[in-house]
Amino acid sequence: MGNYVKVVAFALVTLLAMIAANFARDIAYQVHALIVMIVAFAMFVITLRQTDEPLNAAADQNEYLDGVVRYGVIATVFWGIAGFAIGTFIAFQLAFPSLNLNFLDGIGNFGRLRPLHTSAVIFAFGGNALISTSFYVVQRTSAARLWGGNLAWWVFWGYQLVIVLAATGYLLGSTQAKEYAEPEWYTDLLLTVVWLAYLAVFLGTIIKRKQPHIYVANWFYLSFIVTVAMLHVFNNLSIPVSIFGSKSVQVFAGVQDAMTQWWYGHNAVGFFLTAGFLGMMYYFIPKQAERPVYSYKLSIIHFWALIFIYIWAGPHHLHYTALPDWASTLGMVFSIVLWMPSWGGMINGLMTLSGAWDKLRTDPVMRMLVISVGFYGMSTFEGPMMSIRAVNSLSHYTDWTIGHVHSGALGWNGMITFGALYFLVPRLWNRKGLYSLTAVSWHFWLATIGIVLYAAAMWVTGIMEGLMWREVDANGFLVNSFADTVAAKFPMYVVRGLGGILYVAGALIMAWNLWMTATRSPEKQAASAPSAIAQPAE
């Protein structure tokens with residue numbers, strides 16, 4: 001009966017998408033309607049072919065649902081390389097403006113590619129990493145199969161559709177022009193449905209767990225899922241101009257809109273790029289080190305302090321604007337206080353290696369995980385410092401902010417994701433180990449040097465830029481024009497691009513290594529299936 005309902009639903013979606021494409025008022029909406037129509041029709045055919053097949057769901061309940069995790073790992077690698085490559089290209093566009101392409105009414109220029117890059121690395125690469133690792137971790141720590149039957153597959157494929165709609169929308173000029181929240185109203189609605197399904201799968205698995213204890217990594221994952229849902233809904237409240245067009249009007253306006261945007265923007269960093277990835281840290285570092293978490297009590301303090309404080313830190317993005325001083329001061333104070341729980345988590349992650357520091361000499365995956373925690377600590381010190389109003393007056397709107405963001409994104413989010421991928425692939429494909437540890441070492445050093453070149457170049461040029469902007473002569477007139485600062489930054493922009501090339505090269509080596517591990521490595525695990533649900537501890 002369930003398959004017949006799905007067949008009817010997909011047929012209806014296909015029909016509605018055809019109508020939408022016919023009456024579309026802009027090219028982006030029409031392209032998106034056609035994409036939805038093709039996807040819905042493909043699912044209609046696939047589901048129709050499966051209507052008479054017997055259901056064997058009950059036979060699978062003693063196995064972890066790892067198929068969706070495998071697909072998530074593949075998607076993470078694919079979107080990561082795509083996002084890194086686009087980012088490197090637009091870095092060179094800033095150094096060499098002639099690289100700005102302009103065909104089909106703007107596709108290929110920096111303004112279209114920049115949101116494509118940020119969404120690809122944050123939501124496509126980072127989002128797939130979070131979804132796949134959370135599905136893996138919650139099953140192992142709960143001794144339970146993912147709740148909801150095939151709902152996890154709907155989450156995965158629905159999320160990929162959101163990514164494709166967002167990416168094509170940016171290239172075609174469809175955007176809300178809100179940082180980290182560019183997709184238009186119908187993509188936001190689809191993402192809301194997918195995200196609620198994600199919450200249902202994750203929370204349902206925890207509720208039906210066989211382990212009495214909820215491991216701390218699951219608390220971080222759950223807080224990320226719940227908070228991002230809330231942030232997404234409120235920041236994207238909008239009214240479509242037409243049901244057959246992509247353009248919408250924001251509900252909030254003026255300083256209220258700015259406040260809501262940076263409440264969302266900073267907490268997208270705080271919960272999507274921090275809390276979720278801390279869930280990775282609290283599972284994969286102890287597993288790779290084969291050591292328990294250094295202090296479970298500290299991990300609980302870290303969790304509650306982080307989620308309470310982070311939510312208030314957004315207004316520090318709006319110093320020296322129309323936002324009331326008390327609001328930006330509130331954000332500044334909470335940002336400074338945030339340094340303490342952040343470093344508590346960093347110390348907890350590093351001290352988990354107590355008694356196992358020798359692994360850093362022999363295990364390049366461990367090095368990757370540990371350096372990610374180091375970058376987490378550095379970024380969570382630099383961020384509160386930059387939120388101080390006096391420092392912000394120099395750093396804001398300069399490349400210093402870009403260096404700060406990328407030292408955290410490439411160093412913390414990127415490196416811990418790479419470490420998690422190296423941990424997962426041999427286990428998901430039932431191999432004894434990685435194809436080449438030497439390749440992992442090459443990846444580690446290329447990525448690390450690339451990050452240092454990128455971040456150092458942006459720190460230098462950002463501080464220089466801020467000082468040039470505020471330099472005045474004896475009569476109080478500005479000494480430098482904006483064009484002067486752009487010309488002065490050229491050498492550092494080239495260095496940044498070179499750092500990006502090294503980072504992409506490392507990611508390509510990783511993709512090759514993971515592919516060889518999954519397909520060519522001759523050594524497999526013993527007969528016991530790693531996907532069998534473990535019995536709960538007594």
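**Entry 1: Gln176**

I looked up the contacts of Gln176, where contact means heavy atoms within 4.5 Å. Leaving aside neighbours within four places in sequence, I found Gln176 in contact with Ala181, Glu182, Pro183, Glu184, Asp188, Asn236, Ser238, Ser248 and Gln250. A note on what I am reading: this is a predicted model, in which local features need pLDDT of at least 70, side-chain atom pairs count only at pLDDT 80 or more, and totals for chains, interfaces and linings use all residues. Residues are numbered from 1 along each chain as its sequence is written, and side-chain values use heavy atoms, with hydrogens and water left out.

Where does Gln176 sit? I find Gln176 in the loop between helix H5 (151-171) and helix H6 (185-207). Helices here are DSSP runs of H or I with at least four residues, strands are runs of E with at least two, and both are numbered from the N terminus.

Is Gln176 buried or exposed? Gln176 counts as buried because its relative accessibility is 9%; buried means under 20% relative accessible area, exposed over 50%, and partly exposed in between, with a 1.4 Å probe and protein chains only. I also noted a polar atom of the Gln176 side chain 2.8 Å from the backbone oxygen of Ala181.

**Entry 2: Leu190**

Next I moved to helix H6, where I found Leu190. Leu190 counts as partly exposed because its relative accessibility is 25%. Which residues does Leu190 touch, not counting those up to four places away in sequence? I listed Leu161, Val162 and Leu165. I also looked at Tyr159, which is 31 residues from Leu190 along the chain, and the C-alpha atoms of the two are separated by 8.7 Å.

**Entry 3: Gln139**

I went on to helix H4 (residues 110-142), which holds Gln139. Gln139 has a relative accessible area of 0%, so I wrote it down as buried. Not counting residues up to four places away in sequence, Gln139 touches Tyr64, Leu65, Asp66, Val69, Ala144, Arg145 and Leu146.

**Entry 4: two tyrosines**

I then checked backbone angles. Tyr320 is not a glycine, although it has a positive phi of about 60°. Tyr320 has its place in the loop between helix H9 (296-310) and helix H10 (325-351). Its relative accessible area is 55%, so Tyr320 is exposed.

Tyr397 is not a glycine either, and I read a positive phi of about 70° for it. I found Tyr397 in the loop between helix H13 (389-395) and helix H14 (399-428). Tyr397 is exposed because its relative accessible area is 61%.

**Entry 5: the whole chain**

Finally, I stepped back. How many helices and strands does the protein chain have? I counted 17 helices and two strands. The chain is as compact as a globular protein of 538 residues, because its radius of gyration is 24 Å, close to the 24 Å of the globule rule. That radius is taken over C-alpha atoms, and the rule is 2.2 Å times the number of residues to the power 0.38. Along the principal axes, the C-alpha atoms fill a box of roughly 85 × 65 × 45 Å.

Of the 538 residues, 54% count as buried. Among the contacts with a separation of 6 or more, 82% come from residues 24 or more positions apart.

How values were computed. A polar contact is a pair of N or O atoms within 3.5 Å; within protein, one must be able to donate a hydrogen and the other to accept it, and residues adjacent in sequence count only if both atoms are side-chain atoms.
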